[in-house]
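Please look through the sequence and the model shown below before reading on. The paragraphs that follow take a few places in turn and end with the confidence of the prediction.

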Amino acid sequence: MVETSQAHHSTQTKNNLKSRLNRIEGQVKAINRMIDEDVYCDDVLTQIRATRSALNSVATKLLDHHMKSCIMEKIDNGENEAAMEELLVTFQKLMKD
């Protein structure tokens, strides 16, 4: 079984991420409607690109928080090698398509 840790996001960070994710959810619903309504393919693709960009923005925010809090906490505790390994795995996950 894989060990999982729990993040400690501030209320402000959680609210920001949830707000972004709610907008992304709306974008996905809009894409679904666009397909139902036979909207021009290029317009649907534009909306998909915007949604992907918004998801990348959320991932970037989470990565920033992860590096500045979770990874730094491990480094502060002398777990340098584990911190760098975790960071490498995290980058590899983000780069998979």
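When its neighbours within four places in sequence are left aside, the residues in contact with H65 are H8, H9 and C70.

One of these contacts, C70, leads on to the cysteines. C70 has a relative accessible area of 24%, and because this value lies between 20% and 50%, the residue is classed as partly exposed. C41, by comparison, has a relative accessibility of 58%, over the 50% limit, so C41 counts as exposed. The structure holds zero disulfides.

The surface also carries a nonpolar patch, formed by M67, F91, L94 and M95, which together have about 400 Å² of accessible area. Helix 3, which covers residues 80-95, provides the largest share of this patch, with three residues. M95 has its place in helix 3, and because its relative accessible area of 70% is over the 50% limit, M95 is exposed.

As for confidence, the mean pLDDT of the chain is 92, and 95% of its residues reach 70 or more. Helix 3, the element to which M95 belongs, has the lowest confidence, at a mean of 93, whereas helix 1, residues 11-36, has the highest, at 96. Where pLDDT is low, the predicted coordinates should not be read in detail.

Notes: Residues are numbered from 1 along each chain as its sequence is written. This is a predicted model: local features need pLDDT of at least 70, side-chain atom pairs count only at pLDDT 80 or more; totals for chains, interfaces and linings use all residues. Side-chain values use heavy atoms; hydrogens and water are left out. Patches are made of residues with over 30% relative accessible area and no salt bridge: like charges are joined within 9 Å, nonpolar side chains (Val, Leu, Ile, Met, Phe, Trp, Tyr) within 5 Å. Accessible areas come from the Shrake-Rupley method with a 1.4 Å probe; for residues, only the protein chains shown count as cover. A salt bridge is a side-chain nitrogen of Lys or Arg within 4 Å of a carboxyl oxygen of Asp or Glu. Helices (H or I, at least four residues) and strands (E, at least two) are DSSP runs, numbered from the N terminus. Buried means under 20% relative accessible area, exposed over 50%, partly exposed in between (1.4 Å probe, protein chains only). pLDDT is the predictor's confidence in each residue, from 0 to 100. A disulfide is a pair of cysteine sulfur atoms within 2.5 Å. Contact means heavy atoms within 4.5 Å.
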